[in-house]
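Please read them with the viewer open beside you.

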Amino acid sequence: STVNPAAVLNPFVDAVHAQLAGANVKEIRVDFTDLEFCNSSGFKAFIHWIQKVQALPEAQRYKLRFVSSPVRKWQRTSLLALSCYAPGLVEIA
């Protein structure tokens with residue numbers, strides 16, 4: 001656990017995004033099913049990721065499909081907020 005999850009997550013997101021942006025990928029699946037907890041600071045890293053995708057030329061953009069667990073109700077609520085932030089780029093499964 002870290003006080004600022006973005007310090008760990010943002011460099012990871014940046015590295016993943018750099019690989020995906022030039023690879024002609026249309027969708028990436030982000031599996032949350034085993035994630036027990038993520039606070040608002042952690043979700044800021046996903047907003048950072050969405051902003052990076054939005055900054056790409058439209059032809060290079062890819063969708064983020066977040067897979068949630070039906071057992072962890074907080075995931076659906078939090079991920080729904082992300083999907084509202086970026087309709088068309090973020091999908092919840």
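1. A definition to start with: a disulfide here is a pair of cysteine sulfur atoms within 2.5 Å. By that test the structure holds zero disulfides. Cys38 takes part in none, and the nearest cysteine sulfur to its own, that of Cys84, is 17 Å away. Cys84 is likewise in no disulfide.

2. A word on the basis of these notes. This is a predicted model, in which local features need pLDDT of at least 70 and side-chain atom pairs count only at pLDDT 80 or more, while totals for chains, interfaces and linings use all residues. Residues are numbered from 1 along each chain as its sequence is written, and side-chain values use heavy atoms, with hydrogens and water left out.

3. Cys38 is buried, with a relative accessible area of 15%, whereas Cys84 counts as exposed at 60%.

4. Now to the helices and strands, which are DSSP runs numbered from the N terminus (helices: H or I, at least four residues; strands: E, at least two). Helix H1 spans residues 6–21, and its buried residues are Ala6, Val13, His17, Leu20 and Ala21. Seen down the axis of H1, these fall within an arc of 85°, so they line one face of the helix. The arc is taken from the directions from the helix axis to the C-beta atoms. On the face turned away from that buried side, H1 carries the exposed residues Ala7, Val8, Phe12, Ala18 and Gln19.

5. What covers the buried residues of H1? The cover includes strand S1 (27–31) and helix H2 (40–54).

6. S1 also pairs with strand S2 (residues 63–67), in the parallel sense and over five bridges; pairing requires that DSSP finds at least two bridges between the strands. The chain crosses from S1 through H2 to S2, and this β-α-β crossover is right-handed: with the strands pointing away from the viewer, the path from the first strand over the helix to the second runs clockwise. Within the pair, Glu27 stands opposite Lys63 in S2.

7. Last, please have a look at Ser83 in helix H3 (residues 73–85). Ser83 counts as buried, at 14% relative accessibility. Its side chain reaches the backbone oxygen of Leu80 at 2.7 Å. Leaving aside neighbours within four places in sequence, Ser83 is in contact (heavy atoms within 4.5 Å) with Val90 and Ile92.

How values were computed. Buried means under 20% relative accessible area, exposed over 50%, partly exposed in between (1.4 Å probe, protein chains only). A polar contact is a pair of N or O atoms within 3.5 Å; within protein, one must be able to donate a hydrogen and the other to accept it, and residues adjacent in sequence count only if both atoms are side-chain atoms.
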